[in-house]
Amino acid sequence: MKSVLYVGVGVPWRGGAGYLVRQNMFLQALAEVADVTLALFDCDAGVERPAFAAGILPLERPFELPTNRLKNLRDDLFSPLPRMHRGDCCDKPISQISGLKVDKFDAVFGYRIDFSRFAGVLNHPRLILDVDDPEHLRQADKVKAFDGGKIDWRSRWDLEKLRRYELNAVKRAKAAFVCQPVDATAFYPHPVFIVPNCVEVPEINYTKSEIQTLVFVGNMSGGEGSPNGDAAKNFVEKVWPLIRSRCPSCKCLLVGGIEDGLRGEFSRVAGVEVLGFVEDLKAIYACRPVCIAPVRYGTGTRIKILEAMAYGCPVVSTSKGCEGIEITENKEIIVADLEADFADACVSLLGDFSRQERLGNAGKDLILRSYSRRHQHEKLVNLISKIMS
């Protein structure tokens with residue numbers, strides 16, 4: 001049996017946020033072809049060890065080194081490192097990893113470029129890298145969403161350095177994965193494997209709610225500058241008033257970790273309920289609410305959409321929100337980009353229960369065909385086995 005050192009973050013086998021779901025998908029496949037040792041950031045020392053793991057090493061997060069405006073300017077001009085990959089002292093996690101004698105492993109699997117760098121394995125000759133979301137594409141999308149593509153020369157140069165840094169990381173890796181074709185094209189001519197996000201398809205007994213309900217699920221702990229935080233804030237400020245004026249009795253549930261400032265802001269809005277992190281979403285999805293993904297920028301594929309569809313819930317999304325998911329518009333999902341159009345789509349769907357059911361059933365069928373864990377698991381096991389052979 002081969003051996004793999006897995007470098008990641010959180011407690012993936014518990015599920016929850018999208019980044020945990022994706023890691024768990026890879027871990028379940030790795031466990032079929034190798035003995036897996038886990039090295040995880042943001043993981044408590046006392047966490048239970050899953051059956052597939054040979055051991056768990058909780059890693060300490062790097063700490064930020066002191067800086068000033070002059071140093072930042074000098075680094076912007078002369079450092080080959082982009083801003084997000086400099087300024088951290090990674091000595092502690094690198095020392096922890098070295099204690100595992102990394103060279104004894106047949107492969108090192110790194111989740112994301114940043115966590116691989118923190119652990120000092122980004123240049124390992126047998127690195128298998130899940131890029132997940134290319135950060136240079138995410139940042140470029142953010143610029144377009146907030147600033148209309150206009151940024152100062154230092155930020156533009158930094159974005160180019162970030163692109164080169166990520167391309168070089170993929171070039172050096174033994175193999176690299178992304179979520180969807182758009183992300184793969186960003187690394188041309190370096191080959192990457194497209195491994196779409198997948199979800200479990202649960203058995204569920206639906207219960208009818210008397211209250212018309214919209215649900216947004218996403219990690220908003222990054223504040224309004226993060227993709228989910230921005231999506232929620234823009235929706236609550238610009239779209240929700242349009243919906244509420246036409247459906248005064250409806251409510252909107254915001255589900256997921258959330259930054260304190262956003263929690264306070266949203267809690268003061270009539271009809272909006274901030275639930276924060278919810279361990280098990282089954283009870284929420286069982287009422288078959290209309291799920292929304294008003295995402296304006298980002299990369300990868302939104303697991304929140306896949307999960308809602310797996311539960312048979314109808315979904316309204318922006319085109320960016322459902323990017324990379326092979327949907328047929330108005331059959332499995334409703335797509336609307338302008339605030340007024342998004343509000344119209346939500347109001348129309350809230351008042352049409354038969355259409356909600358048709359969309360929900362069609363979406364669930366799509367997940368079963370293409371994005372269920374059962375459908376993709378064997379493919380992923382075979383791919384990893386081939387890479388490690």
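Tutor: Two strands pair if DSSP finds at least two bridges between them. Strands themselves are DSSP runs (E, at least two residues), and helices are runs of H or I with at least four residues, both numbered from the N terminus. This is a predicted model, in which local features need pLDDT of at least 70, side-chain atom pairs count only at pLDDT 80 or more, and totals for chains, interfaces and linings use all residues. Residues are numbered from 1 along each chain as its sequence is written, and side-chain values use heavy atoms, with hydrogens and water left out.

Now to strand S6, residues 107–111. Strand S1 (residues 2–9) pairs with S6 in the parallel sense, over 4 bridges. Across that pairing, Leu-5 stands opposite Val-108 of S6. Strand S7 (residues 127–132) also runs parallel to S6, joined by 4 bridges. Here Phe-109 has Ile-128 of S7 as its bridge partner. From S6 the chain passes through helix H4 (residues 113–118) to S7, a right-handed β-α-β crossover. Right-handed means that, with the strands pointing away from the viewer, the path from the first strand over the helix to the second runs clockwise.

How many residues of S6 are buried? The count is 5 of 5. Buried means under 20% relative accessible area, exposed over 50%, and partly exposed in between (1.4 Å probe, protein chains only). In a regular strand the side chains alternate between the two faces of the sheet. In S6, Ala-107, Phe-109 and Tyr-111 are on one side. Val-108 and Gly-110 are on the other. Both faces are covered.

Go back to Leu-5, the residue opposite Val-108. Contact means heavy atoms within 4.5 Å. Not counting residues up to four places away in sequence, Leu-5 touches Ala-107, Val-108 and Phe-109, among others. Its other contacts include Thr-37, Ala-39, Ile-97, Leu-100, Val-102 and Phe-105. Leu-5 also belongs to the largest nonpolar core, which has 64 residues. Such a core is a set of buried Ala, Val, Leu, Ile, Met, Phe, Trp, Tyr and Cys residues joined through side-chain atoms within 4.5 Å. Leu-5, Tyr-6, Val-7, Leu-38 and Ile-97 touch the most other members. Another core, of 33 residues, lies apart from it; among its members are Ala-231, Trp-240, Cys-252 and Leu-349.
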